[in-house]
Amino acid sequence: MGKRRDTETAGQSSPFNRSAQHDAKRTAILSQAARLFNSKGSRATTLRDIAETLGLTKTSLYYYVKTKEELIYQCYLAALGHHLRSMDEIEQHYNSPLERARQFFLLQFENWLAAQENRGPHLAALLEIASLQGTRRREVEAQYIAMFKRLRGYLRAGIETGEIRPCETIAATRAMLGSLDWIFSWLHSQPREQVTDTAQQAWDLLAHGLYSGADEYQPATVRLDAAAENYVHGFDRDEQNRLKQQAFYKTGSWFFNKKGFNGTSLDEIAEHLNVSKGAFYYHIRNKEDLLFNCYTYSLDVTEEIYRQAQRLDGSGLHKIDQVCRRIFHAQNSDRGPLIRYSTITALPMARRKQILKRTDSSNQHFGEFIREGIADGSVRDIEPFIAQQLIAGAINAAMDIKLWRRVDDLDTVAVDYFDIFFNGLQPR
């Protein structure tokens, strides 16, 4: 029996095994496509780009994939399949629910590092699921939900065993995955030899939270300063145009968040706003310009929230809490939605760098508040840069929370969502 297995294994690895060769080439194609999608974005990446980096002709690539959408779909299924198989292995080796959650979290950093060091495949960041159509989108979403439910299951089982403190597990799982989805955008700034240590520090934040106290952090009431409803005179055309453009950006963000860049139609947005195409195109030049302005509008909103927080009395931790919840409100209320960074790679590189530079500058306010909290004793002694990136990722994923859980009171949901960053997963 053992000899037969050895023979089968040898046959599978033989250079004459066509099936093995086909699978190896397909894996190489998906890995290279994922690398380019993650760095350049799917819009800027062509099938020719992928073929040339692999030394293939475009005709040879067509043997494996016919269209770019099909390739995005296959990359997403490959990434999700990798994650689910990893969960299988984790569950075979670890019985502790908390340790299963920890291993899954740390593995995402290791996956990134392995790809950089050519020890493993590049895995596509799941940014543009919304751009997929029909059965492809439903299949990818089903796999994502399966991964979500298994991670949520670790948290629920850990609460039952007492390894994990009671928390709202849907919100906590969504926040964890959001923080992990974001690592592709910042982990490259860390020296490779520090990535494993960075992962451990990131887990320490999720395990123990920001709060330095022995008990649990109790959030204060959030005061939402409603935007002043200024009277707009009938002849104040500049103000009327500003309000119209703001409506375009908010509606555009909603469509981009729901359908991705490729799936969004400007005509559909004009129809949704009940304006003529002529009036719409008077304000909006093209889809790329609308997307860029959606990011600009969202950054205007978040930067104003940071400025308000800087003027608040109280500890650094209090300011972080207020910022998180106010942005959460803006994302999920009439003031929003704010744009999700799942569409950032649809922008040309020059504009993308402009938005990311401004985003990084804005996110640094988190670091300032964290350092302030460390100084005043409200925040544990942690690495501010890692914390600000994890929270930024969770904030980016906080939109459409109503699709994941019931929302009776938005601020209660916000408190639940950010709870793991303040109090951690482990009992205090």
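Phenylalanine 255 is buried, with a relative accessible area of 4%; buried means under 20% relative accessible area, exposed over 50%, and partly exposed in between, using a 1.4 Å probe and protein chains only. This is a predicted model, in which local features need pLDDT of at least 70 and side-chain atom pairs count only at pLDDT 80 or more, while totals for chains, interfaces and linings use all residues. Residues are numbered from 1 along each chain as its sequence is written, and side-chain values use heavy atoms, with hydrogens and water left out.

Rings of Phe, Tyr and Trp (its six-membered ring) pair if their centres lie within 6.5 Å; planes under 30 degrees apart are stacked, over 60 edge-to-face, and the rest tilted. By this rule there are 19 aromatic pairs. Tryptophan 254 and phenylalanine 255 form an edge-to-face pair, 5.0 Å centre to centre with 80° between the planes. Tyrosine 295 and tyrosine 341 also pair edge-to-face, at 5.0 Å and 75°. This second pair links distant parts of the chain, 46 residues apart: tyrosine 295 is in helix α13, and tyrosine 341 is in the loop between α14 (316-331) and α15 (349-376). Helices here are DSSP runs (H or I, at least four residues), as are strands (E, at least two), numbered from the N terminus. Both tyrosine 295 and tyrosine 341 are buried.

One aromatic cluster is made up of Phe105, Phe109, Trp186, Trp203 and Phe385. Apart from neighbours within four places in sequence, leucine 71 is in contact (heavy atoms within 4.5 Å) with Ile29, Leu30, Ala33, Phe37, Leu47, Ile50 and Val65.

Charged side chains also meet rings. A charge sits over a ring if NZ of Lys or CZ of Arg is within 6 Å of the ring centre and within 35 degrees of the ring normal. The charged end of lysine 287 is placed in this way over phenylalanine 261, 4.5 Å from the ring centre, and arginine 136 lies over the face of tyrosine 73 at 5.3 Å.

Tyr341 returns in the lining of the largest cavity: with Thr302, Thr359, Asn363 and Ile395, it is among the residues nearest the centre, out of 17 lining residues. α13 gives the most to this lining, with four residues, and α13, α14, α15 and α16 each supply at least two.

Helix α16 (residues 384-396) also holds glutamine 388, which is buried at 6% relative accessibility. Leaving aside neighbours within four places in sequence, glutamine 388 is in contact with Asn363, Gln364, Phe366, Gly367 and Ile370.

Glycine 120 lies elsewhere, in the loop between α6 (97-116) and α7 (134-161). Glycine 120 is partly exposed, at 23% relative accessible area. Beyond neighbours within four places in sequence, glycine 120 is in contact with Ala114 and Ala115.

How values were computed:
1 Å grid on protein atoms, 1.4 Å probe; cavity = no way out; pocket = protein on both sides within 12 Å on 5 of 7 lines; lining within 4 Å.
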